[in-house]
Amino acid sequence: MAAPGGTPPIPPYPPGVDTPEQEAEYDKLRRRVLWSLPYGLYVVGSRAGERRNLMTLNWATQVSFEPKLVGIGVDKHAFTHELITAGGVFSLCTVDREDRAIVRKFTKPVEVDLAAGTLNGFAFRDGLSGAPVLTQAVAWLDCEVRQSVDTGGHTFFIGEVVDCGFQADEETPVLRMEDTRMNYGG
Ligand SMILES: Cc1cc2nc3c(=O)[nH]c(=O)nc-3n(C[C@H](O)[C@H](O)[C@H](O)COP(=O)(O)O)c2cc1C
């Protein structure tokens with residue numbers, strides 16, 4: 001998902017970028033450089049009380065060896081943001097590279113069917129923290145939020161891994177951003 005078109009250029013600018021045209025040009029260049037960063041692609045589970053969600057996300061990384069911390073950047077407008085803020089937990093799931101279509105299934109709040117045990121028709125189970133874990137995930141990390149860093153339009157939620165596992169062969173190639181034609185960021 002590209003940054004919304006038509007948004008004005010965002011400072012700061014390096015020396016030599018002075019006119020509105022140069023600013024617009026630099027803004028585009030910076031976006032392309034940011035899009036060129038390699039990323040994984042994940043499904044994030046969130047929960048507050050009986051409200052659950054799964055969301056497609058690429059802004060994820062480990063941020064500490066000890067303790068075992070993982071950070072995710074979540075849009076403040078996302079339902080996932082509301083749930084993680086209220087519930088203090090999230091799961092981070094990797095997906096088989098063959099399951100690319102899943103990316104489009106989790107870009108808005110899911111339909112919950114607790115009787116069937118599905119979110120948007122995809123089977124899930126609740127992890128130790130309570131956050132939903134996608135049954136078809138290759139691997140999953142179950143996290144409790146330790147810090148929430150306000151980064152502007154997003155919050156960087158830093159969670160400690162309280163449980164994790166594989167649900168498929170460990171060698172299964174997992175989905176990366178480059179497997180889609182989409183951009184997020186820039
Ligand atoms: C390929 C791809 C990557 C995305 N990466 C992120 C991300 O890193 N952070 C984020 O907040 N939203 C990301 N999104 C957008 C969310 O999936 C979603 O559309 C939006 O945040 C609303 O989710 P919600 O169901 O929690 O309301 C991405 C979407 C796509 C298609």
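**Exercise 1. In which order do the four strands of the open sheet stand, and is the pairing parallel or antiparallel?**

Before you start, keep in mind that this is a predicted model.

Step 1. Walk across the sheet and you get the order β6-β7-β8-β9. The pairing is antiparallel.

Step 2. Now look at the ends. β6 (112-113) and β9 (132-134) each have a single partner strand, so they are the edges, and one side of each has no neighbour in the sheet.

Step 3. β6 is joined to β7 (residues 118-119) by two bridges, with the strands running antiparallel. Across that pair, Asp 113 sits opposite Thr 118 of β7.

**Exercise 2. Work out which residues and elements surround the ligand.**

Step 1. Start with the residues. The ligand has 21 of them around it, and the closest are Trp 59, Asp 75, Ala 78, Phe 79 and Thr 80.

Step 2. Assign them to elements. Those giving two or more residues to this shell are β2 (51-57), β4 (69-75) and α2 (79-87). β2 gives the most, with four residues.

**Exercise 3. Take apart the largest nonpolar core, then follow Leu 92.**

Step 1. This core holds 33 residues, and the ones touching the most other members are Val 43, Val 44, Phe 90, Leu 92 and Cys 93.

Step 2. Several elements give two or more residues each: β1 (42-48), β2, β4, α2, β5 (89-94), β9 and β10 (139-150). The largest share is that of β5, at four residues.

Step 3. For Leu 92, skip the neighbours within four places in sequence. What's left in contact with Leu 92 is Tyr 42, Val 44, Ala 60, Val 70, Ile 72, Trp 140, Leu 141 and Cys 143.

**Exercise 4. Is Leu 41 buried or exposed?**

Step 1. Find the spot: Leu 41 lies in the loop between α1 (20-35) and β1.

Step 2. Count the other C-beta atoms within 10 Å of Leu 41: there are 23. The cut-off for buried is 20 or more, so Leu 41 is buried.

Step 3. Leaving aside neighbours within four places in sequence, Leu 41 is in contact with Asn 58, Val 103, Leu 175, Arg 176, Met 177, Asp 179 and Thr 180.

Step 4. One last check, on distance. Leu 41 and Thr 56 are 15 residues apart in sequence, while their C-alpha atoms are 7.3 Å apart in space.

How values were computed. Residues are numbered from 1 along each chain as its sequence is written. This is a predicted model: local features need pLDDT of at least 70, side-chain atom pairs count only at pLDDT 80 or more; totals for chains, interfaces and linings use all residues. A residue is near a molecule or strand if its C-beta atom, placed from the backbone, lies within 6 Å of it. Two strands pair if DSSP finds at least two bridges between them. A nonpolar core is a set of buried Ala, Val, Leu, Ile, Met, Phe, Trp, Tyr and Cys residues joined through C-beta atoms within 7 Å. A residue is buried if 20 or more other C-beta atoms lie within 10 Å of its own, exposed if 12 or fewer, and partly exposed in between; C-beta atoms are placed from the backbone. Two residues are in contact if their C-beta atoms, placed from the backbone, lie within 7 Å.
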